[in-house]
Amino acid sequence: MQQVKDTLRATVRIGYDGRVHKTFRGPKADERFTNEVRVLRYLQTRGCPFVPTLLEAHPDQLRIVTTSCGTRVEHLDEARMREIYAELEKYGVRHEDAELRNVTYRQSDGRFCLIDFEFATILPDAEKSLNGTPV
């Protein structure tokens, strides 16, 4: 596995199969793990196409496994970055860490994607789906 992130809050490794392994650590690791799992599951039910798919959650290890959303983006116009994060809110989630480090580029379909949902918030009016019917 290739290590791509090693901070006080998490380690992230990418397996040879392309799956992303994130282990939470540091302050409030259990809360951040629980929140990221909840938000990713919610976004899956909403059919959000530009976030990782949660494949496994291991609460005893504070570890998740997700699909990869491409490679990190080094440069992006500020207006375009705001558009990407605003698009996420249409799916009922505010990222709460809207930084370039959380934007990736998926070459297979030319799509910018978002990662790292440990601080994200499901919006209060998110019970309404994109077409106006309850989730």
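Which side chains meet in a salt bridge of 2.8 Å, N to O? They are the side chains of Arg111 and Glu87, where a salt bridge is a side-chain nitrogen of Lys or Arg within 4 Å of a carboxyl oxygen of Asp or Glu.

## Basis of the description

This is a predicted model, in which local features need pLDDT of at least 70 and side-chain atom pairs count only at pLDDT 80 or more, while totals for chains, interfaces and linings use all residues. Residues are numbered from 1 along each chain as its sequence is written, and side-chain values use heavy atoms, with hydrogens and water left out.

## Salt bridges

The pair of Arg111 and Glu87 links distant parts of the chain, since Arg111 belongs to strand 9 (residues 111–114) and Glu87 to helix 2 (residues 78–89), 24 residues apart. Helices (H or I, at least four residues) and strands (E, at least two) are DSSP runs, numbered from the N terminus. Arg111 is buried, with a relative accessible area of 17%, whereas Glu87 is partly exposed at 23%; buried means under 20% relative accessible area, exposed over 50%, and partly exposed in between (1.4 Å probe, protein chains only).

By the same rule the count comes to 15 salt bridges. Another one joins Asp6 to Arg25 at 2.2 Å, N to O; Asp6 lies in strand 1 (residues 2–6) and Arg25 in the loop between strand 3 (20–24) and helix 1 (29–46), so this pair ties together parts that are 19 residues apart in sequence. Both partners are partly exposed, Asp6 with a relative accessible area of 48% and Arg25 with 35%. Asp17 and Arg19 also form a salt bridge, their closest N and O atoms being 3.0 Å apart; here Asp17 is exposed at 53% and Arg19 partly exposed at 27%.

## Helix 2

Helix 2 has twelve residues, which at 1.5 Å a residue should span 16 Å, and its end C-alpha atoms are 17 Å apart, which agrees; the expected span is 1.5 Å times one less than the number of residues. At the start of helix 2, a side-chain oxygen of Asp77 reaches to within 2.9 Å of the backbone nitrogen of Ala79.

The buried residues of helix 2 are Met81, Ile84, Tyr85 and Leu88. They cover an arc of only 90 degrees around the axis, which puts them on the same side of helix 2, the arc being that of the directions from the helix axis to the C-beta atoms. These buried residues pack against helix 1, strand 7 (93–94), strand 8 (103–106) and strand 9, with contact meaning heavy atoms within 4.5 Å.

Conventions. Polar contact = N/O pair within 3.5 Å; in protein donor to acceptor, adjacent residues only side chain to side chain.
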